[in-house]
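Here are my notes on this one, as numbered points. Have a look at the structure, then read on.

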Amino acid sequence: MRKLMILGVFCLTVLAAALPAGAEDEGSLRFEKTISYRTGKLIDLGAKVGPVRVAKVELSEPKGGSVKDSIVGRIRGGGGGSAETQSTIRASFDAENPQDEEWVVTFTLDFLDKNGKLIDRAVKSQGLEGEAKVVQVDHSILTYVLPMIDRVEVRLEARLD
């Protein structure tokens, strides 16, 4: 029994030494929360990944064409569907990194139906260095699936750049 206790203390010491300096002050490097799909409303996240705080998110469906929907976009090969078949979902995250070191946050949104099945996924990485800003994740999606979206699983991951 005494040998097991000594081994346990040794393992904990090794694990603690393996942590990067200051890691305990940074908080978790991952965050996950499932929210209802509601547009035009600020939704509290209260997330902290590393030193980066992401307080709220707002989902919207902005109207109007983008460059890829225009003639210029089609010439460049970015075309695709028309405004009748394609829509955009925008997630606007209120993010703040108070530190002078740059942290890169990856924002992942899984759009789920009422049964929890994945409809589509949007991913964007954004570096933040001593600043507060609204990070926008725009995702092109087929218009006919918009009514099927019931909730959104939001995942945030941070890493020191």
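Predicted model: local features only at pLDDT ≥ 70, side-chain atom pairs only at ≥ 80, totals over all residues.

1. Leu-109 has Ala-122 in S6 as its bridge partner.

2. Zooming out, S5 and S6 sit in an open sheet of four strands, ordered S1-S8-S5-S6, with antiparallel pairing. The edges are taken by S1 (30-36) and S6 (118-128); each has a single partner strand, so one side of each has no neighbour in the sheet. From one strand to the next, the twist averages 15 degrees. As background, strands of a sheet pair through backbone hydrogen bonds.

3. On the overall layout: the chain has three helices and eight strands, and along the sequence they come as α-α-β-β-β-α-β-β-β-β-β. If you look at contacts with a separation of 6 or more, 66% of them involve residues 24 or more positions apart.

4. Now the surface. The chain has 161 residues, and 31% of them count as buried.

5. Which residues make the nonpolar surface patch of about 320 Å²? They are Leu-142, Tyr-144 and Met-148. Met-148 lies in the loop between S7 (131-142) and S8 (151-160). Met-148 counts as partly exposed because its relative accessibility is 42%, which falls between the 20% and 50% cut-offs.

Conventions: Residues numbered from 1 in each chain as written. Heavy atoms only, no water. Patch = residues over 30% accessible without salt bridge, like charges linked within 9 Å, V, L, I, M, F, W, Y side chains within 5 Å. Areas by Shrake-Rupley, 256 points an atom, 1.4 Å probe, with all protein chains shown as cover. Salt bridge = Lys/Arg side-chain N within 4 Å of Asp/Glu carboxyl O. Helix = DSSP H or I, 4+ residues; strand = E, 2+ residues; numbered from the N terminus. Buried < 20%, exposed > 50% of the residue type's maximum accessible area, 1.4 Å probe, protein only. Pairing = 2+ DSSP bridges. Axes fitted to C-alpha atoms, helices over the stretch in contact; angles between N-to-C directions. Contact = heavy atoms within 4.5 Å.
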